[in-house]
Amino acid sequence: MKRTAQITLLILTGLGLLHTALFTDLYLRYVKEGLRPLLIISGVLLLLLGLAHAAFDRDTGGKEDHDHAHGHDHSTAPRIAWLLFLPALSLLLYAPPALGAYTAAHAGRETVKQQKGFAALPATSPLPMTLTDFTTRVQQDKERAIRGRTVEMTGFVTPGHGGAWDLTRIIFTCCAADAQTVKIRMYGTPAPPANTWLAVTGTWHTQGALGTKSAAAALDVHGTRSIAQPVNAFTDDLPLTPTR
Amino acid sequence: MPKTDELLDVTEAVAPAAVHPPERRRRRLPRRPPPATAAVTALGLAIAALVLSGTPWLNGPAVAAWRTVCLAITVQALPFLLLGTALSGAINAFVPADLFTKVLPKRAVLAVPVAGLAGAVLPGCECASVPVANSLIRRGVTPAAAFAFLLSAPAINPIVLTATAVAFPGSPAMVLARLLASLATAAVMGWLWLWLGRAEWLRPVVRHTGHQHGHSRFTEFRLGFQHDFLHAGGFLVLGAMAAATFNVTVPRSVLDTFSGSPWLSVLFLAALAVVLAVCSEADAFVAASLTGFSPTARLAFMVVGPMVDLKLIALQAGTFGRAFAVRFSTATTVVAVAAGVLIGGALL
């Protein structure tokens, strides 16, 4: 790889990282929010490396090809480095979409972690809940506090077989490679189009014994409302919806 | 002037007069691009054509998910790779050559566990440790000790251990088991290299010669950093592509098939750690979510993951050579699974 190509590659990769993490929120499609400062620092560093290489290192022509006398040959990068153009250009020009219903449909049903005690549920109705909290309440709360309560959850639509559908969240721990999926099966309304973001209100769908593992993570839907996709979609946050 | 050059001058009537004869003669040689360059160029052109034509195939859900995961692994790893290659460049340019030989015990057998413990000071995930280990070897550290460092650093640094404690609340034994099993694997692999390793498996890496008299240290650092980053970065992309392929194509329902059998589940989760290539800072959370599996199987997942996975194999093949990467990764997997089973059986 020649000098010009190296300069181009370093600058493009730096710009790509800055574009995704500093100028836009695109990085949230790929990695967790906490990596943002590191991505910005990396972008600046790569940009500086590229500019420094352009400014300080004169092109020495083909001379170093045969000059091993001064040891390591830094002026040509290995051919494999060309592959780095793919993520750089992809970040700048052709950002892949956020993960959605396809990934969720292929994921297994994650079992929720054991939770020891449960606090009393707030009295507000509908009660905003995360998908994980709802599943944990339904399957582990021996007090069965969730019985009869109207809850509100937000997520996107993952169609299943035979008209069934799930309200879904994909959660990143670090990046899209470790994505985990939580799903709540929805009853009582036909499936909306895949990947639609919804706020759903409803009550627990009676199936299995509430407060035990046999209880289904499922909801009888009373109402749905389209919402905009959250900026940081890959968490399982409480629904941030204006009070009506 | 030799006769050949005059002949060349006849054919090259417009040659710039300032060029010195020996250099001009070299330029006259036909420069055909090597096949690999041609292949990569063709691949790049093909991808560019696909992208520009806006083919629906590239936006199909499976391909889109593959592109997302592949880019996510690369983006997530880039800061750590930069850290690793910057450290490697700094070790080469600024650290005196005899520092490591002074600090580490003289006998290689003792240097191995010391280097393994030293891995605790490199914060970050596994991508950072490959270039650093390489620069240690170039500065005269015995390869066995450098490999112990390479294996232990991503698994036992404070960030990863804290993440493990957070992911497994109420079971501090898991953190201890991960620390011990990772250290044991790193030390055993170092000793194994002393016993069976052969220098010819390693790509000759003596080209980096450290600080040269008369050169600016900072320029040396900058150029070494840049070269190592571009080199490792290319292999990172290759590894991310392989890992994304498995990530998207292996359905998670396969998990349920293996969770029942205690022995198969250990082997299966070890294999899963290799193909998923989850960053070592996040793998504890993935392990915690595999609730159907025994604690020992989940420990094996966390011990193997930071030491062997597809992107690491690609990085190692690029840095140390393919002959090394294949043998080293295979042996590490075996040792890591054994350590996970023994220590997991004792503690969990």
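Me: Hi! How many helices and strands does chain B have?
Reply: In this predicted model, chain B has 17 helices and 0 strands.

Me: And how much of chain B is buried?
Reply: Of its 348 residues, 51% are buried. As for contacts between residues at least 6 apart in sequence, 84% of those in chain B join residues at least 24 apart.

Me: Let's pick one helix, α8(B). Is α8(B) mostly covered or mostly open?
Reply: Mostly covered: 14 of the 14 residues in α8(B) are buried.

Me: What should the span of α8(B) be, and what is the distance between its ends?
Reply: Helix α8(B) covers residues 143–156, and at 1.5 Å a residue its 14 residues should span 20 Å. The end C-alpha atoms are 20 Å apart, so the two agree.

Me: How is chain A divided into domains?
Reply: Domain 1 takes in 3–62 + 72–96, and domain 2 is 102–226. Their C-alpha centres lie 40 Å apart.

Me: What percentage of chain A is buried?
Reply: Buried residues are 40% of the 244 in chain A. Of the chain A contacts with a separation of 6 or more, 72% come from residues 24 or more positions apart.

Me: What's the average pLDDT for chain A?
Reply: The average is 84, with 89% of the residues scoring at least 70. Over residues 61–72 of chain A, though, the pLDDT is below 50, and that stretch has 13 contacts in the model beyond near neighbours in sequence. Where pLDDT is low, the predicted coordinates should not be read in detail.

Me: Good to know. Which residues of chain A does UniProt list under "transmembrane region"?
Reply: The unreviewed UniProt entry lists residues 39–56 and 77–95 of chain A. In the model, residues 39–56 of chain A are 100% helix and 0% strand, with end C-alpha atoms 25 Å apart.

Me: What about "domain: DUF1980", where does UniProt put that?
Reply: For that name, the unreviewed entry gives residues 8–101 and 146–233 of chain A. The span 146–233 of chain A is 0% helix and 47% strand, and its end C-alpha atoms lie 26 Å apart.

Me: Let's go through the strands. Which way do β2(A) and β3(A) run, parallel or antiparallel?
Reply: They run antiparallel, joined by 4 bridges. Thr158(A) has Asp166(A) in β3(A) as its bridge partner. The hairpin of these two strands has 5 residues between them, and Gly162(A) there takes a positive phi near 60 degrees.

Me: Is β3(A) mostly covered or mostly open?
Reply: Strand β3(A), residues 165–171, is mostly covered, with 7 of its 7 residues buried. Trp165(A), Leu167(A), Arg169(A) and Ile171(A) point one way, while Asp166(A), Thr168(A) and Ile170(A) point the other way, and all are buried.

Me: How many bridges join β3(A) to β4(A)?
Reply: There are 7, and the two strands run antiparallel. In β4(A), Arg185(A) stands opposite Asp166(A).

Me: And how many bridges are there between β2(A) and β5(A)?
Reply: That antiparallel pair has 6 bridges. Thr154(A) stands opposite Ala199(A) in β5(A).

Me: Last one: in what sense do β5(A) and β6(A) pair?
Reply: Antiparallel, over 7 bridges, with β6(A) spanning residues 218–226. Here Gly202(A) has Val221(A) in β6(A) as its bridge partner.

Conventions:
Residues are numbered from 1 along each chain as its sequence is written. Chains are lettered from A and ligands numbered from 1 in the order in which they are written. This is a predicted model: local features need pLDDT of at least 70, side-chain atom pairs count only at pLDDT 80 or more; totals for chains, interfaces and linings use all residues. UniProt positions are given in the numbering used here, feature names are shortened, and annotations may be inferred rather than shown by experiment. Two strands pair if DSSP finds at least two bridges between them. A residue is buried if 20 or more other C-beta atoms lie within 10 Å of its own, exposed if 12 or fewer, and partly exposed in between; C-beta atoms are placed from the backbone. Two residues are in contact if their C-beta atoms, placed from the backbone, lie within 7 Å. The expected span of a helix is 1.5 Å times one less than its number of residues. Domain bounds come from an automatic or database domain assignment. pLDDT is the predictor's confidence in each residue, from 0 to 100.
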